[in-house]
Amino acid sequence: MARPDDQASGHAAQRPLWSNRLGFVLAAAGSAVGLGNVWKFPYIAGVNGGGAFVLVYLLCIALVGVPIMMAELMIGRHTRKDAIGAFAALEPGRRWWHGAGWISVAAAFIISSYYSVVAGWTLDYVWRSLHDGFGALAPSVIESQFGTLLENGLRQGLWHLLFMFLCLAVVIGGVQRGIERWSRILMPALLALLMLLFVNGLRSDGLEEALRFLFAPDFGRLSADAWLEALGHSFFTLSLGMAAMITYGSYLKPDENLFGVSLRVAGLDTLIALMAGIAIFPIVFAAGLEAASGPGLIFQTLPVVFSQIEGGALLAPLFFVLLAFAALTSNISLLEAQIAYLIDERGWSRRRASVCVASAAFTVGIPTALSGNLLKNWHLIGERTFFDSADLLASSYLLPLAGLLIALYVGWFWRGEAEKAELIQGGCGGLYPLWHGLIRYVAPLAVTVILVNKAIQAGLWQVLRRLLGLA
(Lines give C-alpha, C1' and ligand atoms only; values in the text may rest on other atoms or scores of the structure.)
Protein backbone atom coordinates (compact mmCIF):
# COMPACT_ATOMS: atom_id res chain seq x y z
CA MET A 1 0.00 0.00 0.00
CA ALA A 2 1.42 3.40 -0.98
CA ARG A 3 2.30 5.85 1.77
CA PRO A 4 0.56 9.27 1.69
CA ASP A 5 3.84 10.87 0.64
CA ASP A 6 3.86 8.76 -2.51
CA GLN A 7 0.34 9.58 -3.61
CA ALA A 8 -0.83 12.35 -5.85
CA SER A 9 -2.01 14.77 -3.23
CA GLY A 10 -4.59 16.85 -5.00
CA HIS A 11 -7.05 16.27 -2.16
CA ALA A 12 -6.41 17.68 1.28
CA ALA A 13 -7.22 14.35 2.90
CA GLN A 14 -4.30 12.72 1.10
CA ARG A 15 -1.81 15.53 1.59
CA PRO A 16 1.09 14.94 3.99
CA LEU A 17 1.38 17.45 6.83
CA TRP A 18 4.15 18.54 9.16
CA SER A 19 3.87 16.53 12.36
CA ASN A 20 4.07 19.66 14.53
CA ARG A 21 5.12 23.31 14.61
CA LEU A 22 8.76 22.57 15.42
CA GLY A 23 9.09 20.38 12.35
CA PHE A 24 7.83 23.15 10.09
CA VAL A 25 9.91 25.90 11.73
CA LEU A 26 13.11 23.87 11.42
CA ALA A 27 12.37 22.99 7.79
CA ALA A 28 11.39 26.55 6.84
CA ALA A 29 14.33 28.04 8.74
CA GLY A 30 16.56 25.53 6.96
CA SER A 31 15.21 26.83 3.67
CA ALA A 32 15.90 30.43 4.69
CA VAL A 33 19.34 29.83 6.24
CA GLY A 34 21.78 29.44 3.39
CA LEU A 35 25.23 30.49 2.27
CA GLY A 36 24.14 34.13 2.09
CA ASN A 37 23.68 34.20 5.87
CA VAL A 38 27.36 33.41 6.30
CA TRP A 39 29.15 35.09 3.43
CA LYS A 40 26.96 38.12 2.72
CA PHE A 41 24.83 39.47 5.55
CA PRO A 42 27.53 40.02 8.22
CA TYR A 43 29.69 41.86 5.70
CA ILE A 44 26.98 44.13 4.26
CA ALA A 45 25.87 44.92 7.82
CA GLY A 46 29.40 45.92 8.78
CA VAL A 47 30.14 48.14 5.79
CA ASN A 48 26.73 49.82 5.78
CA GLY A 49 26.50 51.18 9.29
CA GLY A 50 26.73 48.18 11.61
CA GLY A 51 23.97 48.38 14.19
CA ALA A 52 22.19 51.09 12.20
CA PHE A 53 21.99 48.75 9.22
CA VAL A 54 20.79 45.88 11.41
CA LEU A 55 17.93 48.07 12.69
CA VAL A 56 16.94 49.00 9.13
CA TYR A 57 17.15 45.36 8.09
CA LEU A 58 14.89 44.28 10.97
CA LEU A 59 12.43 46.98 9.95
CA CYS A 60 12.44 45.66 6.38
CA ILE A 61 11.92 42.11 7.66
CA ALA A 62 8.91 43.27 9.69
CA LEU A 63 7.33 45.42 6.96
CA VAL A 64 8.14 43.34 3.87
CA GLY A 65 9.63 39.90 4.59
CA VAL A 66 7.20 38.58 7.20
CA PRO A 67 4.04 39.89 5.45
CA ILE A 68 5.02 38.25 2.13
CA MET A 69 6.02 35.04 3.90
CA MET A 70 2.60 34.98 5.59
CA ALA A 71 0.95 35.54 2.19
CA GLU A 72 2.83 32.62 0.63
CA LEU A 73 2.03 30.34 3.56
CA MET A 74 -1.62 31.37 3.37
CA ILE A 75 -1.84 30.53 -0.32
CA GLY A 76 -0.25 27.13 0.24
CA ARG A 77 -2.33 26.21 3.27
CA HIS A 78 -5.60 27.45 1.76
CA THR A 79 -5.24 25.49 -1.50
CA ARG A 80 -3.21 22.48 -0.24
CA LYS A 81 -1.31 22.58 -3.52
CA ASP A 82 2.04 23.40 -5.08
CA ALA A 83 2.73 26.97 -6.25
CA ILE A 84 1.45 26.42 -9.79
CA GLY A 85 -1.58 24.40 -8.73
CA ALA A 86 -2.38 26.92 -5.99
CA PHE A 87 -2.92 29.79 -8.42
CA ALA A 88 -4.78 27.50 -10.83
CA ALA A 89 -7.15 26.60 -7.98
CA LEU A 90 -7.56 30.20 -6.80
CA GLU A 91 -8.06 31.69 -10.25
CA PRO A 92 -9.24 28.99 -12.69
CA GLY A 93 -10.73 31.57 -15.05
CA ARG A 94 -7.91 34.12 -15.00
CA ARG A 95 -4.90 32.27 -16.27
CA TRP A 96 -2.58 35.26 -16.18
CA TRP A 97 -2.28 34.84 -12.42
CA HIS A 98 -0.96 31.32 -12.96
CA GLY A 99 2.25 33.00 -14.13
CA ALA A 100 3.13 33.81 -10.52
CA GLY A 101 3.34 30.09 -9.78
CA TRP A 102 5.25 29.25 -12.95
CA ILE A 103 7.78 32.05 -12.39
CA SER A 104 8.45 31.00 -8.80
CA VAL A 105 8.90 27.32 -9.71
CA ALA A 106 11.17 28.29 -12.63
CA ALA A 107 13.27 30.35 -10.21
CA ALA A 108 13.48 27.39 -7.83
CA PHE A 109 14.67 25.13 -10.66
CA ILE A 110 17.35 27.51 -11.92
CA ILE A 111 18.66 28.29 -8.43
CA SER A 112 18.71 24.63 -7.38
CA SER A 113 20.87 23.81 -10.41
CA TYR A 114 23.68 26.27 -9.73
CA TYR A 115 23.30 26.33 -5.94
CA SER A 116 24.20 22.66 -5.93
CA VAL A 117 27.49 23.44 -7.68
CA VAL A 118 28.33 26.15 -5.14
CA ALA A 119 27.39 23.76 -2.33
CA GLY A 120 29.78 21.28 -3.90
CA TRP A 121 32.57 23.76 -3.25
CA THR A 122 31.83 23.47 0.48
CA LEU A 123 32.10 19.67 0.27
CA ASP A 124 35.41 20.05 -1.55
CA TYR A 125 36.72 22.22 1.28
CA VAL A 126 35.46 19.79 3.91
CA TRP A 127 37.61 17.18 2.18
CA ARG A 128 40.60 19.52 1.87
CA SER A 129 40.45 20.52 5.53
CA LEU A 130 40.21 16.89 6.67
CA HIS A 131 42.64 15.36 4.21
CA ASP A 132 45.38 17.90 3.55
CA GLY A 133 44.61 20.69 5.98
CA PHE A 134 45.81 24.25 5.43
CA GLY A 135 48.48 24.53 8.12
CA ALA A 136 51.47 23.44 6.03
CA LEU A 137 50.66 25.69 3.07
CA ALA A 138 51.71 29.25 2.33
CA PRO A 139 48.86 31.81 2.28
CA SER A 140 49.32 32.41 -1.44
CA VAL A 141 48.96 28.69 -2.13
CA ILE A 142 45.83 28.46 0.01
CA GLU A 143 44.25 31.41 -1.78
CA SER A 144 45.07 29.91 -5.17
CA GLN A 145 43.31 26.63 -4.35
CA PHE A 146 39.89 28.15 -4.99
CA GLY A 147 40.90 29.32 -8.45
CA THR A 148 42.30 25.86 -9.13
CA LEU A 149 38.97 24.34 -8.14
CA LEU A 150 37.05 26.64 -10.48
CA GLU A 151 39.35 25.60 -13.32
CA ASN A 152 38.64 21.91 -12.69
CA GLY A 153 35.24 21.15 -14.19
CA LEU A 154 35.40 17.43 -13.47
CA ARG A 155 36.11 17.93 -9.77
CA GLN A 156 33.28 20.43 -9.45
CA GLY A 157 30.96 18.11 -11.34
CA LEU A 158 31.66 15.20 -9.00
CA TRP A 159 30.99 17.29 -5.89
CA HIS A 160 27.87 18.67 -7.60
CA LEU A 161 26.71 15.09 -8.19
CA LEU A 162 27.38 14.06 -4.59
CA PHE A 163 25.54 17.07 -3.17
CA MET A 164 22.52 16.52 -5.42
CA PHE A 165 22.46 12.87 -4.38
CA LEU A 166 22.37 13.94 -0.71
CA CYS A 167 19.43 16.25 -1.47
CA LEU A 168 17.67 13.43 -3.33
CA ALA A 169 18.15 11.06 -0.41
CA VAL A 170 16.24 13.53 1.78
CA VAL A 171 13.36 14.60 -0.48
CA ILE A 172 12.60 11.09 -1.72
CA GLY A 173 11.52 10.21 1.83
CA GLY A 174 8.63 12.66 1.70
CA VAL A 175 7.51 15.41 4.05
CA GLN A 176 7.64 13.77 7.50
CA ARG A 177 9.99 10.84 6.82
CA GLY A 178 12.36 12.87 4.67
CA ILE A 179 12.38 16.67 4.94
CA GLU A 180 11.10 17.01 8.49
CA ARG A 181 13.14 14.14 9.91
CA TRP A 182 16.39 15.39 8.41
CA SER A 183 15.62 19.03 9.31
CA ARG A 184 15.36 17.89 12.92
CA ILE A 185 18.89 16.48 12.57
CA LEU A 186 20.58 19.02 10.29
CA MET A 187 19.33 22.27 11.86
CA PRO A 188 20.28 21.38 15.46
CA ALA A 189 23.63 20.12 14.15
CA LEU A 190 24.11 23.38 12.24
CA LEU A 191 23.26 25.39 15.37
CA ALA A 192 25.64 23.29 17.48
CA LEU A 193 28.50 23.80 15.02
CA LEU A 194 27.74 27.51 14.81
CA MET A 195 27.71 27.76 18.60
CA LEU A 196 31.18 26.18 18.80
CA LEU A 197 32.51 28.66 16.23
CA PHE A 198 30.62 31.49 17.95
CA VAL A 199 32.26 30.71 21.31
CA ASN A 200 35.65 30.57 19.57
CA GLY A 201 34.93 34.00 18.09
CA LEU A 202 34.12 35.35 21.55
CA ARG A 203 37.55 34.15 22.76
CA SER A 204 39.42 35.72 19.85
CA ASP A 205 41.63 38.80 20.16
CA GLY A 206 39.72 40.40 17.30
CA LEU A 207 36.35 40.32 19.09
CA GLU A 208 36.28 44.00 20.01
CA GLU A 209 37.06 45.12 16.46
CA ALA A 210 34.51 42.67 15.05
CA LEU A 211 31.77 43.89 17.40
CA ARG A 212 32.49 47.47 16.36
CA PHE A 213 32.37 46.43 12.71
CA LEU A 214 29.08 44.54 13.08
CA PHE A 215 27.13 46.49 15.68
CA ALA A 216 28.51 49.97 16.32
CA PRO A 217 25.73 52.15 14.85
CA ASP A 218 26.94 54.60 12.23
CA PHE A 219 23.93 56.30 10.74
CA GLY A 220 26.21 58.35 8.51
CA ARG A 221 26.85 55.22 6.42
CA LEU A 222 23.14 54.55 5.91
CA SER A 223 23.11 55.69 2.29
CA ALA A 224 20.35 54.98 -0.22
CA ASP A 225 22.36 51.96 -1.35
CA ALA A 226 22.43 50.68 2.24
CA TRP A 227 18.65 50.91 2.48
CA LEU A 228 18.36 49.03 -0.81
CA GLU A 229 20.77 46.36 0.46
CA ALA A 230 18.70 45.91 3.61
CA LEU A 231 15.45 45.80 1.65
CA GLY A 232 16.77 43.34 -0.92
CA HIS A 233 18.35 41.01 1.62
CA SER A 234 15.22 41.00 3.78
CA PHE A 235 13.35 39.61 0.78
CA PHE A 236 15.87 37.14 -0.58
CA THR A 237 17.01 35.66 2.73
CA LEU A 238 13.57 34.26 3.59
CA SER A 239 13.27 32.10 0.45
CA LEU A 240 10.45 34.26 -0.91
CA GLY A 241 9.38 34.21 -4.56
CA MET A 242 10.80 30.73 -5.18
CA ALA A 243 7.71 28.58 -4.45
CA ALA A 244 9.31 27.07 -1.33
CA MET A 245 7.11 28.78 1.25
CA ILE A 246 3.91 28.18 -0.73
CA THR A 247 4.83 24.49 -0.91
CA TYR A 248 5.84 24.26 2.75
CA GLY A 249 2.68 26.16 3.67
CA SER A 250 0.58 23.54 1.90
CA TYR A 251 1.81 21.00 4.47
CA LEU A 252 0.80 23.17 7.47
CA LYS A 253 -1.99 22.13 9.80
CA PRO A 254 -5.15 24.28 9.59
CA ASP A 255 -4.84 25.74 13.10
CA GLU A 256 -1.22 26.91 12.82
CA ASN A 257 -0.58 30.56 13.70
CA LEU A 258 0.94 31.96 10.50
CA PHE A 259 2.25 35.13 12.11
CA GLY A 260 3.91 33.19 14.92
CA VAL A 261 5.68 30.68 12.70
CA SER A 262 6.74 33.37 10.20
CA LEU A 263 8.23 35.41 13.03
CA ARG A 264 10.09 32.36 14.36
CA VAL A 265 11.57 31.57 10.95
CA ALA A 266 12.63 35.18 10.31
CA GLY A 267 14.06 35.49 13.82
CA LEU A 268 16.08 32.28 13.57
CA ASP A 269 17.37 33.28 10.12
CA THR A 270 18.56 36.67 11.43
CA LEU A 271 20.05 35.21 14.61
CA ILE A 272 22.13 32.71 12.65
CA ALA A 273 23.40 35.43 10.32
CA LEU A 274 24.53 37.60 13.25
CA MET A 275 26.10 34.65 15.06
CA ALA A 276 27.98 33.78 11.87
CA GLY A 277 29.42 37.28 11.80
CA ILE A 278 30.64 36.97 15.40
CA ALA A 279 32.08 33.54 14.61
CA ILE A 280 33.95 34.70 11.51
CA PHE A 281 35.12 38.31 11.77
CA PRO A 282 36.92 38.19 15.15
CA ILE A 283 39.36 35.60 13.83
CA VAL A 284 39.69 37.48 10.52
CA PHE A 285 40.56 40.74 12.28
CA ALA A 286 42.82 38.98 14.79
CA ALA A 287 44.81 37.62 11.85
CA GLY A 288 45.22 41.16 10.51
CA LEU A 289 43.16 40.49 7.39
CA GLU A 290 40.47 42.65 5.79
CA ALA A 291 36.75 41.88 5.98
CA ALA A 292 35.39 40.50 2.75
CA SER A 293 32.18 39.08 1.32
CA GLY A 294 31.17 36.20 -0.90
CA PRO A 295 33.28 33.23 -2.00
CA GLY A 296 36.47 35.23 -1.44
CA LEU A 297 35.78 35.35 2.29
CA ILE A 298 34.79 31.70 2.60
CA PHE A 299 37.20 29.94 0.27
CA GLN A 300 40.25 32.21 0.36
CA THR A 301 40.39 34.46 3.42
CA LEU A 302 39.12 31.99 6.04
CA PRO A 303 41.30 29.04 4.97
CA VAL A 304 44.31 31.34 5.39
CA VAL A 305 43.04 32.30 8.87
CA PHE A 306 42.50 28.64 9.82
CA SER A 307 46.07 27.88 8.77
CA GLN A 308 47.43 30.48 11.18
CA ILE A 309 45.34 30.21 14.35
CA GLU A 310 45.47 27.73 17.20
CA GLY A 311 42.92 24.97 16.69
CA GLY A 312 42.47 25.86 13.03
CA ALA A 313 42.84 22.22 11.98
CA LEU A 314 39.66 21.46 13.95
CA LEU A 315 37.76 24.68 13.22
CA ALA A 316 38.18 24.45 9.44
CA PRO A 317 36.29 21.18 8.88
CA LEU A 318 33.60 22.23 11.41
CA PHE A 319 33.07 25.47 9.54
CA PHE A 320 32.78 23.90 6.10
CA VAL A 321 30.48 21.15 7.38
CA LEU A 322 28.28 23.95 8.78
CA LEU A 323 28.20 25.56 5.34
CA ALA A 324 27.35 22.25 3.70
CA PHE A 325 24.43 21.73 6.12
CA ALA A 326 23.12 25.24 5.43
CA ALA A 327 23.30 24.65 1.68
CA LEU A 328 21.64 21.24 1.98
CA THR A 329 18.60 22.47 3.92
CA SER A 330 18.15 25.35 1.46
CA ASN A 331 18.40 23.24 -1.68
CA ILE A 332 15.98 20.64 -0.26
CA SER A 333 13.22 23.26 -0.21
CA LEU A 334 13.97 24.30 -3.80
CA LEU A 335 13.70 20.72 -5.00
CA GLU A 336 10.53 20.11 -2.98
CA ALA A 337 8.83 23.08 -4.67
CA GLN A 338 9.37 21.39 -8.03
CA ILE A 339 8.56 17.87 -6.81
CA ALA A 340 5.25 19.02 -5.33
CA TYR A 341 4.17 20.31 -8.76
CA LEU A 342 4.80 16.93 -10.42
CA ILE A 343 2.97 15.09 -7.63
CA ASP A 344 0.00 17.45 -7.42
CA GLU A 345 -0.55 18.41 -11.03
CA ARG A 346 0.88 15.45 -12.96
CA GLY A 347 0.01 12.63 -10.58
CA TRP A 348 3.57 11.32 -10.37
CA SER A 349 4.80 9.23 -7.46
CA ARG A 350 7.19 10.97 -5.10
CA ARG A 351 10.03 8.64 -6.07
CA ARG A 352 9.65 9.34 -9.78
CA ALA A 353 9.23 13.09 -9.26
CA SER A 354 12.23 13.31 -6.92
CA VAL A 355 14.57 11.43 -9.23
CA CYS A 356 13.50 13.42 -12.29
CA VAL A 357 13.78 16.82 -10.59
CA ALA A 358 17.17 16.05 -9.05
CA SER A 359 18.44 14.67 -12.38
CA ALA A 360 17.23 17.71 -14.31
CA ALA A 361 18.75 20.14 -11.80
CA PHE A 362 22.04 18.24 -11.89
CA THR A 363 22.12 18.29 -15.70
CA VAL A 364 21.38 22.02 -15.95
CA GLY A 365 23.99 22.66 -13.27
CA ILE A 366 26.78 21.09 -15.34
CA PRO A 367 27.39 24.28 -17.41
CA THR A 368 27.76 26.16 -14.11
CA ALA A 369 30.53 23.73 -13.10
CA LEU A 370 32.17 24.39 -16.45
CA SER A 371 31.79 28.19 -16.34
CA GLY A 372 35.28 28.68 -14.92
CA ASN A 373 37.01 26.34 -17.36
CA LEU A 374 35.67 24.77 -20.58
CA LEU A 375 32.82 27.26 -20.97
CA LYS A 376 34.53 30.33 -19.55
CA ASN A 377 34.37 32.06 -22.95
CA TRP A 378 30.74 31.08 -23.55
CA HIS A 379 28.64 34.13 -22.66
CA LEU A 380 24.91 33.74 -22.26
CA ILE A 381 23.68 37.19 -21.22
CA GLY A 382 26.00 39.97 -22.33
CA GLU A 383 29.52 39.21 -21.16
CA ARG A 384 28.32 36.96 -18.34
CA THR A 385 29.17 33.27 -18.03
CA PHE A 386 26.44 30.66 -17.81
CA PHE A 387 26.71 30.71 -14.00
CA ASP A 388 26.46 34.49 -13.75
CA SER A 389 23.63 34.58 -16.30
CA ALA A 390 21.60 31.96 -14.43
CA ASP A 391 22.11 33.81 -11.15
CA LEU A 392 21.15 37.12 -12.77
CA LEU A 393 17.98 35.69 -14.33
CA ALA A 394 16.77 33.97 -11.17
CA SER A 395 17.87 36.34 -8.40
CA SER A 396 17.50 39.71 -10.11
CA TYR A 397 14.32 39.15 -12.12
CA LEU A 398 12.34 35.97 -11.44
CA LEU A 399 12.36 36.10 -7.62
CA PRO A 400 11.31 39.74 -7.18
CA LEU A 401 8.81 39.44 -10.05
CA ALA A 402 7.18 36.42 -8.42
CA GLY A 403 7.18 38.20 -5.06
CA LEU A 404 5.57 41.27 -6.61
CA LEU A 405 2.82 39.23 -8.26
CA ILE A 406 2.12 37.35 -5.01
CA ALA A 407 1.90 40.59 -3.00
CA LEU A 408 -0.38 42.21 -5.60
CA TYR A 409 -2.62 39.17 -5.84
CA VAL A 410 -3.07 38.63 -2.12
CA GLY A 411 -3.32 42.35 -1.36
CA TRP A 412 -5.72 43.36 -4.13
CA PHE A 413 -7.35 40.41 -5.86
CA TRP A 414 -7.77 37.55 -3.38
CA ARG A 415 -11.12 37.61 -1.62
CA GLY A 416 -10.81 39.35 1.73
CA GLU A 417 -12.95 36.83 3.55
CA ALA A 418 -10.63 33.99 2.51
CA GLU A 419 -7.63 35.90 3.83
CA LYS A 420 -9.34 36.63 7.13
CA ALA A 421 -10.38 32.99 7.48
CA GLU A 422 -6.78 31.82 7.05
CA LEU A 423 -5.54 34.20 9.73
CA ILE A 424 -8.43 33.51 12.13
CA GLN A 425 -7.81 29.74 11.87
CA GLY A 426 -4.46 30.16 13.56
CA GLY A 427 -5.67 32.68 16.13
CA CYS A 428 -4.06 35.79 14.59
CA GLY A 429 -7.14 37.34 12.99
CA GLY A 430 -6.63 40.51 15.02
CA LEU A 431 -3.56 41.26 12.90
CA TYR A 432 -5.56 41.30 9.68
CA PRO A 433 -5.88 45.11 9.28
CA LEU A 434 -2.15 45.69 9.85
CA TRP A 435 -1.05 42.75 7.71
CA HIS A 436 -3.48 43.63 4.91
CA GLY A 437 -2.19 47.21 4.80
CA LEU A 438 1.40 46.00 4.57
CA ILE A 439 0.74 43.36 1.88
CA ARG A 440 -1.46 45.73 -0.12
CA TYR A 441 0.66 48.88 -0.15
CA VAL A 442 4.08 48.53 1.47
CA ALA A 443 5.18 45.12 0.14
CA PRO A 444 4.36 45.73 -3.58
CA LEU A 445 6.13 49.10 -3.49
CA ALA A 446 9.16 47.63 -1.74
CA VAL A 447 9.49 44.67 -4.12
CA THR A 448 9.09 47.01 -7.10
CA VAL A 449 12.02 49.03 -5.75
CA ILE A 450 14.04 45.79 -5.43
CA LEU A 451 13.19 44.78 -9.00
CA VAL A 452 14.07 48.18 -10.47
CA ASN A 453 17.30 48.36 -8.47
CA LYS A 454 18.35 44.90 -9.65
CA ALA A 455 17.60 45.91 -13.24
CA ILE A 456 19.75 49.02 -12.88
CA GLN A 457 22.62 47.07 -11.29
CA ALA A 458 22.51 44.50 -14.09
CA GLY A 459 22.59 47.18 -16.78
CA LEU A 460 19.11 46.35 -18.09
CA TRP A 461 18.00 49.91 -17.48
CA GLN A 462 20.61 51.25 -19.90
CA VAL A 463 19.58 48.68 -22.50
CA LEU A 464 15.94 49.78 -22.22
CA ARG A 465 16.93 53.43 -22.49
CA ARG A 466 18.85 52.74 -25.66
CA LEU A 467 15.95 50.78 -27.12
CA LEU A 468 13.57 53.64 -26.30
CA GLY A 469 15.96 56.20 -27.74
CA LEU A 470 16.47 57.92 -24.38
CA ALA A 471 20.19 57.31 -24.02
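Select Tyr-125 and Phe-320: both are buried, where buried means under 20% relative accessible area, exposed over 50% and partly exposed in between, with a 1.4 Å probe and protein chains only. This is a predicted model, in which local features need pLDDT of at least 70 and side-chain atom pairs count only at pLDDT 80 or more, while totals for chains, interfaces and linings use all residues. Residues are numbered from 1 along each chain as its sequence is written, and side-chain values use heavy atoms, leaving out hydrogens and water.

Tyr-125 and Phe-320 belong to one aromatic cluster, whose members include Trp-39, Tyr-114, Trp-121 and Phe-387. Rings of Phe, Tyr and Trp (its six-membered ring) pair if their centres lie within 6.5 Å; planes under 30 degrees apart count as stacked, over 60 as edge-to-face and the rest as tilted. By this rule the count comes to 29 aromatic pairs.

Next, select Phe-87 and Tyr-409. Their ring centres are 5.5 Å apart and their planes at 65°, so the pair is edge-to-face. Phe-87 lies in helix α5 (residues 83–90) and Tyr-409 in helix α17 (residues 386–413), so the pair ties together parts that are 322 residues apart in sequence. Helices (H or I, at least four residues) and strands (E, at least two) are DSSP runs, numbered from the N terminus. Phe-87 is buried at 0% relative accessible area, and Tyr-409 is also buried, at 0%.

Go back to Tyr-125 and Phe-320, whose rings form a tilted pair, 5.3 Å centre to centre with 45° between the planes. Tyr-125 is in helix α6 (residues 98–131) and Phe-320 in helix α15 (residues 312–346), so this pair ties together parts 195 residues apart in sequence.

For a charge to sit over a ring, NZ of Lys or CZ of Arg must be within 6 Å of the ring centre and within 35 degrees of the ring normal. Arg-440 has its charged end over the ring of Trp-412, 3.7 Å from the centre.

Then select the loop between α11 (224–236) and α12 (244–249), which holds Ser-239. Most residues other than glycine have a negative phi. Phi of Ser-239, however, is positive, near 60°. Ser-239 counts as buried, at 4% relative accessibility. Ala-243 is in the loop between α11 and α12 and has a positive phi of about 70°.

Finish with Lys-454, in helix α19 (residues 432–457). Leaving aside neighbours within four places in sequence, Lys-454 is in contact (heavy atoms within 4.5 Å) with Phe-236, Ser-396 and Tyr-397.
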